[in-house]
Structures are given as structure tokens and as C-alpha cells.
Amino acid sequence: MDNRITESEWQLMELVWQGIVTQPQMMERLGKKWNKNTVHTFLSRLCAKGFLAVDREVVPHVYQALVSREDCERQERQNFLQKIYRGSVGNMVAAFVQDGQLSQGEIDRLQKLLEDARPGRDMPGEPKGQ
């Protein structure tokens, strides 16, 4: 699977994740911003990349996400992190801190996440003792 989704493809995936699963439904939601051929092209690409499956037995065709939004978010984060910060989470967070991009609430949240991630502490969602 090609793990990169373009901005336009992401918009269509958002619709599928929301339950809008046929091209006519998508066209209605997108309005006049996109034409039918463009939507069809992007849906075909998403199928070829392994992000969508299509049921051609019904008309209109029904598209189904093969990858969850969470998995796509994770991959996008990894791509961004690798491309911009050479894989360094620390450098990315430092850049946001140095640019003054974090609110006090975000700083508090990050501080708690970092404290919880210290060795010897159980991570959220993990069974105790793991």
C-alpha cells in the first residue's frame, strides 16, 4: 500500500469515514467544488493504494474504508515527522515550544504525558506491569 494520501484524497476519505459511501452522496456533499470525473479518479486511486474497497455489484457503487482514520493519522504523523524533523519528536516539540505555539493547557497536557511516559510507569491503555 502506498502510504501517502494527498490533500484531495484525504477529503474523500473523510467523507467515507463519516458514512458517505457512494459517489453521488460525495458529489452532493462536495457541491460544485469538484466534478464527477475528478471524484471518480481520486476514488480509483484510493482503491489502487489500498485505502478503499469498492462494491461494483450495486449501483451506485459503494466504497468502504479499508484503513481507519486513526491509522491514517498515525501514518501522516510519521511522514511529517520524518520529512520535517528527521524522525525526532523532541525536535518537533522543541520547535513548537520555541515558536510560542503552545497554550498553557497544551503545555500542561504535554507535561503530564511526559511524566506518565517515564520508565517504570504504566502507559495509559496498557495492562499494569507491562
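A nonpolar core is a set of buried Ala, Val, Leu, Ile, Met, Phe, Trp, Tyr and Cys residues joined through side-chain atoms within 4.5 Å. Buried means a relative accessible area under 20%, exposed means over 50%, and partly exposed lies in between, as calculated with a 1.4 Å probe on protein chains only. The model is predicted: local features need pLDDT of at least 70 and side-chain atom pairs count only at pLDDT 80 or more, while totals for chains, interfaces and linings use all residues. Residues are numbered from 1 along each chain as its sequence is written, and side-chain values use heavy atoms, with hydrogens and water left out.

**The core**

The largest nonpolar core has 20 residues, and L12, M26 and V39 have the most contacts inside it. At least two residues of this core come from each of α1, α2 (23-30) and α3 (36-49). Helix α1 gives the most, with 5 residues. Helices (H or I, at least four residues) and strands (E, at least two) are DSSP runs, numbered from the N terminus. In soluble globular proteins, nonpolar side chains tend to be buried together.

Contact here means heavy atoms within 4.5 Å. Not counting residues up to four places away in sequence, V39 touches L12, Q23, M26, M27, L30 and W34.

**Helix α1 and its partners**

The buried residues of α1 are E9, W10, L12, M13, E14, L15 and V16. They pack against α2, α3, β1 (52-55), β2 (62-65) and α4.

Axes are lines fitted to C-alpha atoms, for helices over the stretch in contact, and angles run from 0 to 180 degrees between N-to-C directions.

| Helix pair | Angle | Axis separation |
|---|---|---|
| α1 and α3 | about 85° | 10 Å |
| α1 (residues 7-17) and α4 (residues 69-85) | about 155° | 11 Å |

Angles under 35 degrees count as roughly parallel, over 145 as roughly antiparallel, 65 to 115 as roughly perpendicular and the rest as oblique. Helices α1 and α3 are therefore roughly perpendicular to each other. Their contact is made by S8, E9, L12 and M13 of α1 and by V39, F42, L43, R45, L46 and K49 of α3. The residues of this contact divide into 6 nonpolar, 1 polar and 3 charged. In this division, Ala, Val, Leu, Ile, Met, Phe, Trp, Tyr, Cys and Pro count as nonpolar, Asp, Glu, Lys and Arg as charged, and the others, Gly among them, as polar.

Helices α1 and α4 are roughly antiparallel to each other. W10, E14 and W17 of α1 meet R69, C72, E73 and E76 of α4. The contact of α1 with α4 comprises 3 nonpolar, no polar and 4 charged residues.

**Individual residues around α1**

E9 is found in helix α1 and counts as buried at 1% relative accessibility. Leaving aside neighbours within four places in sequence, E9 is in contact with R4, F42, R45, L46 and K49.

F42, in helix α3, is buried with a relative accessible area of 14%. F42 and L12 are 30 residues apart in sequence, and their C-alpha atoms are 7.9 Å apart in space. Beyond neighbours within four places in sequence, F42 contacts T6, S8, E9, L12 and W34.

I5 lies in the segment before α1 and is buried at 11% relative accessibility. Apart from neighbours within four places in sequence, I5 is in contact with W10, M13, L46, K49, F51, C72 and E76.

**Aromatic pairs**

The structure holds 3 aromatic pairs. Rings of Phe, Tyr and Trp (its six-membered ring) pair if their centres lie within 6.5 Å; planes under 30 degrees apart count as stacked, over 60 as edge-to-face and the rest as tilted. One of the pairs joins F80 and Y85, whose ring centres are 5.9 Å apart and whose planes lie at 70°, so the pair is edge-to-face. F80 is partly exposed at 40% relative accessibility, whereas Y85 is buried at 19%.

**Backbone features**

Most residues other than glycine have a negative phi, and most peptide bonds are trans. Just after α1, G19 takes a positive phi of about 95°. R86, a residue other than glycine, has a positive phi near 50°. R86 is placed in the loop between α4 and α5 (89-98) and is exposed, with a relative accessible area of 74%. The peptide bond from V59 to P60 is cis, with omega near -5°, and P60 is located in the loop between β1 and β2.
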